[in-house]
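Hello,

Here is the structure I promised to pass on. Please open it first, then read the notes below.

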Amino acid sequence: MEQSIWDIILMGLHWDAMLLVFLGAVTGMLVGILPGLTATMGIALLVSLTYGLTVVNAFAIMIGLWVGSIFGASRSAILINIPGTPASIATGFDGYPLTKQGLAGHAIGIATVASFAGNLIGVVVLTIAIFPMLELALRFGSFEFFLLAFVGLTMISSISPGSFIKGMLSGSLGFLVAMIGIDPMTGVLRFTYGSVSLTTGVSFIPVMIGLFGISEVLVSIGEKYPKLIAERIGRVIPSFSTIKKQSWLMAETGLLGSIIGALPGVGGEVACLMGYDYAKRRVKNPTRPFGEGADEGIIAPETANNSAIGGAIIPMLTLGIPGDAVTAVLLGAFIIHGMEPGPLLLVHHKEFFYLIIIFMLLAGIFMLAFGLSTVRLLSKISVIPEYVLMPIVVVLCVIGSFALQCSFADVHIAFAFGILGYLLRRFGFPLGPLVIGIILGPIADSNLRRSVMLAGGDFFIELLGRPISVVLLIVLILSILSTSAKSKEGLIKVWGLFKRVVGKGHLKKG
Amino acid sequence: MERGKGQGHRMDKKQKREIGVGIVFLAFGVYTFCEALTLKGKENLSHSGAFFPLIIALIIILFSIVLVIKPIGQTLSREKKASVGEEPTQSLWKVGIGLIILIAYPILVPHTGFLLTTFSFLAVLIYFMKRIRREKKLERKEKIKQILIILFISFIVAFFVKILFGNLFRIPLP
């Protein structure tokens, strides 16, 4: 029986769900503030601790943590010039200069308000876009899902740090990891090497814990963090006139962030940088020059990275395709809690979408209130030395991976992937495509073979006869071409020519 | 671009590293390809479990060849900027010792129990990480004080984790 919207609201506002959102948001904020702990690592560690919870409560705490960590990451970027998570990479460009001028409170205040605005815009975009997107997703067949999996991989590879080639190699490794275990279509054992524990495949959570937790600890052991500076906090809550003056910029960068977040393979990190870039181009008279403490240089990236959360949920819920590493981990959580990600998830569990909206809004409100009222306390947490923090992370990694099946095999997997993750990072390979590859591997594998079977001998004819497939194929080719500088120049020329032709057309009509 | 004295077509360290990584991936791709071929049963290749791993192995081989060729091409065309990763600033011996401490932890837990192993692990790793970051030599008195602080932090954290996860959240601990 379908639940009424009122029932769903009551479920979302139930005290235990609200408490878990709050707990998740506060924990997330701490995760975000502490350099080295990322949203992905936090959620990966949390997933294994949510078995005992209902699926609604599990997602309440995870959504809270996600929103909180992106929210909190700006703190360390502003206070010590180390972004708490990659999604706040641009916030320190202008936030840290303000701290050096004794205006850390002002920077944190506007960052908090901008984050809240971004959260709201993300929710609005998510609400408006999700059902039209679902309609489209329901028309997807095996051809489209196969292509979409590759589009997601090439897009994240093309924007990942390092080169596109390394991104693709990392993603291919992820695809291979996903192939370990019994092939669901033929029952053949793949890459198990006689190990019984590998027959069911490699558990996703220990892999995540290893890649993002253990590898981070190893990186931290090998390098030095910069010295911290003593800062003065100053006034925190921004004036109404400041917020009013920046409201258009928030709206614009919020929309930009949501759209970027909705693209498969692109997440808060890119949204943050593009938001900053947009503000630099758009604002002619910033409060201070960019790079020296401009308010706009904090507001734009913080609005964009928070609104990207709402955008990233769109492909995750409608297509079962992760937008970035965080949504990849969340998709793993869906599977662990017995839900099949993909278009049918929303058809059968529409209430789930409304609950996510409620949790996002609640997390945003908690963050605004908590974030503004505890600036002085939380600024002290950001200076916990990493030589104390990282050993604690290892203990949490061991607990998180063991709790999955009470098995040391999972702990060993976490450590093996931790070492692999460290080596990949050391040689400049991004980890995002690897994670996306693990999630998308089964989708790409089964849908490719299904498509080949359906098409008989005419795979390419069948593929080119489907409009959505053709669009996806073009996107796939463009995302590959856009990675090389020469191709980029070519694309810009083609785009310029197109604009000129269209422009002339308009003139002629006029 | 003018060539530097005695530089010729010599590769820098980064480029050599890229080629090395490329060769490792190439070998891995070839190995995966051969391994995937053994997965093909009696059915049509495109319907078998070998199909997708074969495609992925080919992608790995293709991209690893590009990874190997790119630095060579850059050297031959005397391009100054290589599109390779950052020069690693990581100290290998520190990571090596850290890794040994890390691996010892899950190995020892089943034998010595969670609380004692966690306490010892935290104390050792915190001490190690603090020591490698130390800039000046400490006096004996300061050293002892620091060790006592580390032992105190390790005990509090181990105890707190045990109470929070084991007793309060009832999560099975190793």
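Predicted model: local features only at pLDDT ≥ 70, side-chain atom pairs only at ≥ 80, totals over all residues.

**Helix 2 of chain B**

Start with helix 2 of chain B, residues 51-76.

Which residues of helix 2 of chain B are buried? They are B:Phe51, B:Phe52, B:Pro53, B:Leu54, B:Ile56, B:Ala57, B:Ile60, B:Phe63, B:Ser64, B:Leu67, B:Lys70 and B:Pro71.

**Where the chains meet**

The contact takes 53 residues from chain B and 46 residues from chain A. On the chain B side, the elements giving two or more residues are helix 1, helix 2, helix 3 (92-112), helix 4 (114-133) and helix 5 (140-168). Helix 2 of chain B supplies the largest share of that side, 10 residues. By type, the chain B side divides into 34 nonpolar, 14 polar and 5 charged residues.

Chain B itself is divided into domain 1 (13-76) and domain 2 (92-168). The centres of these two domains are 41 Å apart, taken over C-alpha atoms.

**Chain A overall**

Now to chain A. Its secondary structure comes to 22 helices and 2 strands. Of its 510 residues, 59% are buried. Take the contacts in chain A between residues at least 6 apart in sequence: 80% of them join residues at least 24 apart.

**Helix 5 of chain A**

Look next at helix 5 of chain A, residues 91-100. This helix is mostly covered, with 9 of its 10 residues buried. Those buried are A:Thr91, A:Gly92, A:Phe93, A:Asp94, A:Gly95, A:Tyr96, A:Pro97, A:Leu98 and A:Thr99. What covers them includes helix 4 (55-80), helix 6 (104-137), helix 11 (268-282) and helix 12 (296-318) of chain A. After helix 5 of chain A comes A:Gly102, which has a positive phi, near 80°.

**A:Leu20**

A:Leu20 lies in helix 2 of chain A, residues 15-33. Why does A:Leu20 count as buried? Because A:Leu20 has 25 C-beta neighbours inside 10 Å, and 20 or more are enough for that label. Not counting residues up to four places away in sequence, A:Leu20 touches A:Asn57, A:Ala60, A:Ile61 and A:Gly64. A:Leu20 and A:Gly400 are 380 residues apart in sequence, and their C-alpha atoms are 18 Å apart in space.

**The largest nonpolar core**

The largest nonpolar core holds 201 residues. Which of them touch the most other members? They are A:Val21, A:Ile43, A:Met62, A:Ile63 and A:Phe359. Helix 6 of chain A gives the most to this core, 17 residues. Chain B takes part too: the core draws at least three residues from each of its domains, domain 1 (13-76) and domain 2 (92-168).

Leaving aside neighbours within four places in sequence, A:Met62 is in contact with A:Gly24, A:Ile43, A:Leu46, A:Leu330 and A:Ala333.

Best wishes

Notes. Residues numbered from 1 in each chain as written. Chains lettered and ligands numbered in written order. Domains from an automatic or database assignment. Buried ≥ 20, exposed ≤ 12 C-beta atoms within 10 Å, placed from the backbone. Helix = DSSP H or I, 4+ residues; strand = E, 2+ residues; numbered from the N terminus. Contact = placed C-beta atoms within 7 Å. Nonpolar A, V, L, I, M, F, W, Y, C, P; charged D, E, K, R; others polar. Core = buried A, V, L, I, M, F, W, Y, C linked by C-beta atoms within 7 Å.
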